[in-house]
Amino acid sequence: MTDYFFEPAPIASLPVAGSDKRYAVNRIFCVGRNYADHAKEMGAEVEKDQPFFFTKPGSAIVHSGAEISYPPGTENLHYEMELVVALGCNVFQADQQQAKKSIFAYACGLDLTRRDLQARFKQKAHPWDLAKAFENSAVVSGLNTEVELDSLDDKTIQLKRNDQIKQQAKLGEMVWRVEELIEFLSHYYHLQAGDLIFTGTPAGVGPVERGDQLQGSVDGVGSIELSITR
Ligand code: MN
């Protein structure tokens, strides 16, 4: 037993539907601009040659149903509703078949973003960490292991803010498919069980205010809820 100077931080984990066991979270990879309409609303184009990624620490995880306070350091917190993929084994330099086999489950996620800081960092070509990788910025639902990858294209991803639909798209609109995202990442990382991939958000992102209720869903995958305290 290792003796530490202080108690190590707890391991972030997610519930898995139909199981008493939990899924221990390792890293969180997030793809940017994976829906053409969202890229457009951000004044950008989709990256046609290769996807681009940023990361969040596992400690940024918040569970669905939680109430969080409005984060410090921003006046323009945004929601981004996303399909999340959870890996179940090691995968390195994979082809798309191997990538598909590495998927353990799917979930709904909210990639909370300090949009004002992100805009400033983009302008200065600075890294996005303060805009993306902050505490409570990765809201994730329970995992669903019963989803077939090939069934996802027709499924609707949706976000409601205070009961009003703000984002709605089909998963088939994703520029880079799930297996392509895993294949790409696996050429830069030794991906592991416990790694999550946020697969990007459709158009309709917008601000979150104190007192808001966010409700998201991906048909056939699950749903997610978040409250922001007053
Ligand atoms: Mn995102």
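**Strands, a metal site and aromatic rings**

Q: How many bridges join β8 to β9, which run antiparallel?
A: This is a predicted model, in which local features need pLDDT of at least 70, side-chain atom pairs count only at pLDDT 80 or more, and totals for chains, interfaces and linings use all residues. Residues are numbered from 1 along each chain as its sequence is written, and side-chain values use heavy atoms, with hydrogens and water left out. Helices (H or I, at least four residues) and strands (E, at least two) are DSSP runs numbered from the N terminus, and two strands pair if DSSP finds at least two bridges between them. For β8 and β9, the count is seven bridges.

Q: Which residue in β14 stands opposite Val84?
A: β8 also pairs with strand β14 (residues 196–198), in the antiparallel sense over three bridges. While Leu83 stands opposite Cys108 in β9, the residue in β14 opposite Val84 is Phe198.

Q: Which residues coordinate the manganese ion?
A: Donors are N, O and S atoms within 2.8 Å of the metal (3.2 Å for Na, K and Ca); water is not among the atoms, so sites may look incomplete. Along the chain, the donors of this ion follow the spacing E-x1-E-x28-D. Glu82 lies in β8 (residues 81–87) and Asp111 in β9 (residues 103–111), so this pair ties together parts that are 29 residues apart in sequence. At 2.0 to 2.1 Å, the coordinating residues are Glu80 (OE), Glu82 (OE) and Asp111 (OD).

Q: In the largest nonpolar core, which residues touch the most other members?
A: A nonpolar core is a set of buried Ala, Val, Leu, Ile, Met, Phe, Trp, Tyr and Cys residues joined through side-chain atoms within 4.5 Å. Of the 41 residues in this one, those that touch the most other members are Leu83, Tyr106, Leu110, Ile182 and Leu226.

Q: Why is the pair of Phe52 and Trp128 edge-to-face?
A: Rings of Phe, Tyr and Trp (its six-membered ring) pair if their centres lie within 6.5 Å; planes under 30 degrees apart count as stacked, over 60 as edge-to-face and the rest as tilted. In this pair the centres are 5.7 Å apart, and it is edge-to-face because the planes stand at 85°.

Q: Is Ser141 buried or exposed?
A: Ser141 sits in the loop between β11 (138–140) and β12 (156–161). Contact means heavy atoms within 4.5 Å, and, leaving aside neighbours within four places in sequence, Ser141 is in contact with Leu14, Ser64, Ala107, Cys108, Ser223 and Ile224. With a relative accessible area of 4%, Ser141 is buried.

Terms used:
Buried < 20%, exposed > 50% of the residue type's maximum accessible area, 1.4 Å probe, protein only.
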